[in-house]
Amino acid sequence: MERRAALHSLLSGSFAWLTGRRLEPANNSAGIAQRQQVRPLTAPPRTYDVRDFGARGDGITDDTTAIQAACNAAVAGNDTGSEVNHPPDEYGGSAIVIAAGTFVTSRTITIGTHFDGSRATFLVKGSPAVGVRVAANGNAVVGRKHIRLPEVINTSYLQPPNTMGTGVQIVNVHFCELHLRKIEAWNTAIDVVGDNNGTAWSRFYMGWMVHNTVGLQLTVSGTNGWVNENQFHGGSFTTFYAPNTPGTRYVKVGRCNNNTFHSMALEGDPEFHIECAGRFNLWFMPRLETSAGPPKALFTSIGTAFTSGCDNALFLGYPSSKGPLVLTNSGVGAARNNVIAWEPGPLGGMTFRGPLIFDRVASDNATLSVDDGTHRVGLGKMTPTERVDLRGNSNIAFDAYAFLGQLFSSAGLVLGVNAKADTVGNVGNQVVVAQNDANGYQFIRLTPQGGISFHGLQAPVVAGAVADAERLRLTPAGNLGLGTRTPAAKLAVNGGVHIGGDADPGDKNLLVEGSIKAPALRPFTAGDRYLVIDAAGNLHVSAVGPER
């Protein structure tokens, strides 16, 4: 019984989402707690078959009048909202029109209730402005409807670009699910419209959009029109006209926001595969197949900068073998449109197009920015100057010569390595810098031509400058210099030396606390200059070898 109750709850919830009605519960003999049910306001659902109104569906007879009569009767007989928290005529209702067969039409068919044309084809003759229109009287809201449209084929079948109207127009629908099978040979295959109201929170399942000048179009009209927060799934867009025919688009989005487009197949070479003047729209994993050149996307700005044609994103699947998506920003403020794409190739790969900016904070920085033109990555920077460029006191940047870090900063701990080559091919400094207290800079500099040097400086160091006050240097020859940059001896001291204590012996003085021990004397030759303490403790200062 628990399973049965759970299944009933699931099915009744789905039915209520589409129709505004909830299935009546079965007898609760098991004593399972039930949610309070909303009482239906009218009779059970009614079905309107277009054949009952005179449609023949033989592909020859004009069935326009009969189909429209069925649709009008369904609207008139619809139960207008069976959930008390939704206004009548906007949500709910259970009347459904059914059409099966091949129907010839010559005027616009308007649908305002549930509709099942999944086994139907409309052959449209006479070039009406719209083949099929999903709308309510006066462009009121069509809400919570499940509409499976037939194939809608324009029998005039002109070569694009043509001006032969719109195949399917959908106006002001809320919380609807629409299935569109095949729309062929129109100026615009599908036009989703917000007319002084909105089309929103609806799901569109796309079929084959073939040989249309524009495949899918999102349009706003009137002062308060909007088309936002809809989901478009699938759809194969195909053309047979010449590549780059002017005006041809697969998806054309007006000033509409927050719509998502999932797994579309964009095949062929229109002038632009995608055109968008909206914001925050997302294309997820479209398939791009072209033969004459790379796929193309156009983002256009309308009016005030950064209010349209910006902040859209494309996450692309395997792109065309003719090249990656070419993105064009047109107009003031058409920017920040981002592309993440898998690159073609035997091993794959990933690229960012755009530039791609994550978490933009101000006009001059971002959490992460990828510059498509320079192939640089900025961490906290929108205009990176190196391959990887980190904004802040501790900067990291790489280029072809492995530059890491801004050498000096005003505070904190800094690590920098500079292996850049200058114009004559000499390798510059490699520096490790550390400073973490108020005593100024203490750092180590590694120089390939000059060895290792240790520095200390009490005063602040100017950013980017090479600090001095060198304290110790170890040269590649193994010479150690204390207070000198150029030690010629194994140990060279510029200053006093105190052995066994810390007191300053004075400049160039040697102070030894304890004894000086020496091994056996080596032979001396005439003319040698020396200072020797022999085994007996005698001190010899002479230019001639000592007595033996």
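**Exercise 1.** Is W283 buried or exposed?

Solution. The model is predicted.
Step 1. Look up the relative accessibility of W283, which is 0%.
Step 2. Compare that value with the cut-off for burial, which is under 20%.
Step 3. W283 therefore counts as buried, because its relative accessibility is 0%.

**Exercise 2.** Find the ring that pairs with W283, and describe the geometry of the pair.

Solution. 
Step 1. The partner of W283 is F261.
Step 2. The two ring centres are 4.6 Å apart, and the planes make an angle of 10°.
Step 3. Planes under 30 degrees apart count as stacked, and the pair of F261 and W283 is stacked.
Step 4. F261 belongs to strand β20 (residues 260–262) and W283 to strand β23 (residues 282–284), so the pair ties together parts that are 22 residues apart in sequence.
Step 5. F261 has a relative accessibility of 1% and so counts as buried.

**Exercise 3.** State how many aromatic pairs the structure holds, then work through the pair of F204 and F232.

Solution. 
Step 1. There are eight aromatic pairs in the structure.
Step 2. In one of them, F204 and F232 are stacked, with 4.6 Å from centre to centre and 15° between the planes.
Step 3. This pair links distant parts of the chain: F204 is in strand β15 (residues 203–210) and F232 in strand β18 (residues 231–238), 28 residues apart.
Step 4. F204 is buried, because its relative accessible area is 0%. F232 also counts as buried, at 0% relative accessibility.
Step 5. F204, F232, F261 and W283 make up one aromatic cluster.

**Exercise 4.** Describe the surroundings of V173.

Solution. 
Step 1. Locate the residue: V173 is part of strand β11 (residues 173–174).
Step 2. Its relative accessible area is 0%, so V173 is buried.
Step 3. Leave out residues up to four places away in sequence; V173 then touches V134, V142, L178, G198, T199, A200, S202 and F204. One of these, F204, is a member of the aromatic cluster.
Step 4. Compare sequence with space for V173 and K145: they are 28 residues apart in sequence, and their C-alpha atoms are 8.5 Å apart.

**Exercise 5.** Describe the largest nonpolar core and the contacts of I190.

Solution. 
Step 1. The largest nonpolar core has 61 residues. Its largest share, five residues, comes from helix α2 (residues 64–77).
Step 2. The residues with the most contacts inside this core are L180, I190 and L216.
Step 3. Set aside neighbours of I190 within four places in sequence; I190 is then in contact with V168, I170, L180, I183, M206, M209, G215, L216 and Q217.

Notes: Residues are numbered from 1 along each chain as its sequence is written. This is a predicted model: local features need pLDDT of at least 70, side-chain atom pairs count only at pLDDT 80 or more; totals for chains, interfaces and linings use all residues. Side-chain values use heavy atoms; hydrogens and water are left out. Helices (H or I, at least four residues) and strands (E, at least two) are DSSP runs, numbered from the N terminus. Buried means under 20% relative accessible area, exposed over 50%, partly exposed in between (1.4 Å probe, protein chains only). Contact means heavy atoms within 4.5 Å. Rings of Phe, Tyr and Trp (its six-membered ring) pair if their centres lie within 6.5 Å; planes under 30 degrees apart count as stacked, over 60 as edge-to-face and the rest as tilted. A nonpolar core is a set of buried Ala, Val, Leu, Ile, Met, Phe, Trp, Tyr and Cys residues joined through side-chain atoms within 4.5 Å.
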